[in-house]
Amino acid sequence: MLIQKIEKEKMTLVVNTVRMLSADAVEKAQSGHPGLPMGFADIACVLWMQFLRFYPQDPQWPNRDRFILSPGHGSMMLYSLLHLFGYDVSLEDLKQFRQFGSKTPGHPEYGHTPGVEVTTGPLGQGFANGVGMALAERMLAERFNKDGGRIIRYHIYGVVSDGDLMEGITSEAASFAGHLGLSNLIYIYDSNQISIEGSTSITFTEDVGRRFEAYNWRVAKIDGHNHNEIVAAIEAARNEQERPSLIIARTHIGKGSPNKQDTASVHGEPLGAKELELTKENIGWPKSPAFHIPDEVLLLCRSRIAELKEGYDQWQDLFKKQIKGDPNLSQAWGAFFQKDIPHDLELELLKTIKKDSIATRSASGDMMQIIAQRMPAFIGGSADLCPSTKTYIKNSPSLEKNRFSGKNIHFGIREHTMGAILNGLALSGGIIPFGSTFLMFSDYMRPSIRLAALMKIQVIYIFTHDSIFVGEDGPTHQPIEHLTSLRAIPNLLVLRPSDATETAAAWIKALSHKDGPTALILTRQDLPVIVRSIYPSQNQLKYGAYVLKDSVKTPEIILMATGSEVSLALDVTLQLQGKGIQARLLSVPSFELFRSGSEDYRNSILPPDCRKRVAVEAAGKSSWYELVGLDGLIIGIDGYGASAPAKTLAEHYGFTTKNILREITKKWDI
Ligand SMILES: Cc1ncc(C[n+]2csc(CCOP(=O)(O)OP(=O)(O)O)c2C)c(N)n1
Ligand SMILES: [Mg+2]
């Protein structure tokens, strides 16, 4: 095992370098958070110097240990470590902390700075992302560690703070991780007993240790500034085979600052020139220049990188022998890590449509069986709703403790953490994760959906029961503003297919959309399958909107609809055409795709001078003004739904051909 023993004085020198680089950078920026880096540096340096396995020249090495800074406000600690340990983060980058376009933004951003494993900032998310990463390790290990080989064997180390542990998402995530016994997960709690408003005693007096023990975690308590205790605790956690570990480390925020240590002000304010000087004096550091790195520290870090390279090279040899040397495993590795889509997949998905009327959730469920067979990286589950969301992969077992070969994850009724775990799975590489629940409950996942979109990672959400037409369950289960609010998240692809055939096209789009998440919005109720030998092909879904039924001459009125309302709008269009009115119908499965296409195309199907525009969607109206303008007509829903059979609701809210025709006539006298 790669463990370099380092004398206490030398380690302290590294620790103080991280402390002072962080404090100097915050001081220079006059913005940032010095307290966490100063208080946690002892633990971080022991971890990086003696345990964490990585190779800075290959930040995406699949078998690296992961380091997660869940309290992302401590970003300067991470940037200092990345610089010292040879990642492509220069001293100049540290000096540009928090400046526009720099590699060192305010909070760590995935895909922006080499070595940053995940974007963190919203407290609690990083904690739950790590659970997804630990689960991914277990699943990949089960698939690739054949005959005692250790191609996949890594740990997830995470820093978690008071703020993280106050957030409810960490309870869900810890419960899930404890249930599955994810012993590759090692979290170190920066228990400095300080948050922004002061001492945690003002609001957070629970016994965190007992809470985590109850979740089936191994819990240890240490002095977070005692290097021997840190080493012993991490070693013990690494030896644990049954449970995740929480090491509760009593630390002192702003450690080393004579007047600001243990205060809330050092959490998020520069030390100030005077206090910075006093701190340097206190720990025996040269007062100038700022950003000082002793030569000895550089040598120590370089020797650590050399040591890590040995491990990296050994793994590459093993990879050549075990994976490249075995045609089956080699092909499987490609399938997991490249995630190519079989060219005939859409055809295969279309073949699953056997009825002329089917709910899009059910059509999707049938299609998912094929996708799971053809694409082994496709793995996921639901928040206790798979019988309703139709997302269970039938020929595969559920994941269980010590059995990670299956494709079905039971997230339990933990939507918040499901969202964040999906992000962790996606960040691991090798997995296309999906998660499902009712559209209504996407609210519970919104923070992680937003982060997936920000990180540009591939996650697929299957949100079913997508409108008031769920019926009798009533307004608590009837989404209204959810489509609008999902469409408002930049870089989230929202697809609401109008029938089973568009559902196939939507799946192909979701699988090929690798630089962001996709939300599939599906119905509970049956919808007629649009006969594509008569109507245009479903593969035009890729344009976001397309003409489903055209007028003979230049359109006089254009109807637009999504999902379950497309067949209704088609009926209206046909009726209008029957009266000799030049009506055109657009199916609009995705606002984002339509918006990102060419202006020429947009104008061709939605000519700017055609002002008689009607949108039909059983949801809140606000997103539609973009397409119908202020002079258009929106058949939508103001307020909430109601508990009643779907047919009654359709009448009440006006989603009938008769009513829509009446509204059109009322507005334009046609
Ligand atoms: C979800 C969320 N809510 C609020 C914040 C704002 N915030 C940033 S740090 C923090 C608390 C800091 O306390 P702690 O986590 O103990 O960090 P420390 O002060 O010890 O560095 C808060 C409330 C946030 N980042 N995320
Ligand atoms: Mg704290």
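The following questions and answers explain how some terms apply to this predicted model.

User: What should I know about the numbering and the model?
Analyst: Residues are numbered from 1 along each chain as its sequence is written, and chains are lettered from A and ligands numbered from 1 in the order in which they are written. This is a predicted model in which local features need pLDDT of at least 70, side-chain atom pairs count only at pLDDT 80 or more, and totals for chains, interfaces and linings use all residues, while side-chain values use heavy atoms, with hydrogens and water left out.

User: Why is the aromatic pair of Trp48 and Phe85 called tilted?
Analyst: Rings of Phe, Tyr and Trp (its six-membered ring) pair if their centres lie within 6.5 Å; planes under 30 degrees apart count as stacked, over 60 as edge-to-face and the rest as tilted. Trp48 and Phe85 are 5.5 Å apart centre to centre, with 45° between the planes, so the pair falls under the rest, which is tilted. The structure holds 30 aromatic pairs.

User: What makes the pair of Trp48 and Phe85 a link between distant parts of the chain?
Analyst: Trp48 is in helix H2 (residues 35–50), and Phe85 is in the loop between helix H3 (75–84) and helix H4 (91–95), 37 residues apart. Helices (H or I, at least four residues) and strands (E, at least two) are DSSP runs, numbered from the N terminus.

User: How do you know whether Trp48 and Phe85 are buried or exposed?
Analyst: Buried means under 20% relative accessible area, exposed over 50%, and partly exposed in between (1.4 Å probe, protein chains only). Trp48 has a relative accessible area of 2%, so Trp48 is buried. Phe85 has 0%, so Phe85 is buried too.

User: Why is the pair of Phe54 and Phe85 called edge-to-face?
Analyst: The centres of Phe54 and Phe85 are 6.0 Å apart and there is 80° between the planes; the angle is over 60, so the pair counts as edge-to-face. Phe54 lies in the loop between H2 and strand S1 (66–69) and Phe85 in the loop between H3 and H4, so the pair ties together parts that are 31 residues apart in sequence. Phe54 and Phe85 are both buried.

User: Which residues do ring pairs link into a cluster?
Analyst: The cluster holds Tyr55, Trp61, Phe144, Tyr312, Trp315, Phe319, Trp333, Phe336 and Phe337.

User: How do you know that the charged end of Arg66 sits over the ring of Tyr154?
Analyst: A charge sits over a ring if NZ of Lys or CZ of Arg is within 6 Å of the ring centre and within 35 degrees of the ring normal. The charged end of Arg66 is 4.2 Å from the centre of the Tyr154 ring and sits over that ring.

User: Why are H1 and H3 called oblique to each other?
Analyst: The axes of helix H1 (residues 8–29) and H3 come within 9 Å and cross at roughly 120°. Axes are lines fitted to C-alpha atoms, for helices over the stretch in contact, and angles run from 0 to 180 degrees between N-to-C directions. Angles under 35 degrees count as roughly parallel, over 145 as roughly antiparallel, 65 to 115 as roughly perpendicular and the rest as oblique, so H1 and H3 are oblique. The contact (heavy atoms within 4.5 Å) is made by Thr17, Val18, Leu21, Ser22, Ala25 and Val26 of H1 and Met76, Met77, Ser80, Leu81 and Leu84 of H3.

User: Why does Asp65 count as buried?
Analyst: Asp65 has 2% relative accessibility, so it counts as buried. Asp65 is in the loop between H2 and S1. Not counting residues up to four places away in sequence, Asp65 touches Phe51, Leu52, Arg53, Glu117, Tyr154, His155 and Tyr157.

User: Why does Asn402 count as exposed?
Analyst: Asn402 has 58% relative accessibility, so Asn402 counts as exposed. Its place is in the loop between helix H16 (386–389) and strand S10 (408–410).

User: What makes the phi of Asn402 worth a remark?
Analyst: Most residues other than glycine have a negative phi. Phi of Asn402 is near 65°, a positive value in a residue other than glycine.

User: Why does Thr417 count as buried?
Analyst: Thr417 has 0% relative accessibility, so Thr417 counts as buried. Thr417 is found in helix H17 (residues 415–428). Leaving aside neighbours within four places in sequence, Thr417 is in contact with Ala128, Ile169, Glu172 and Ala173.
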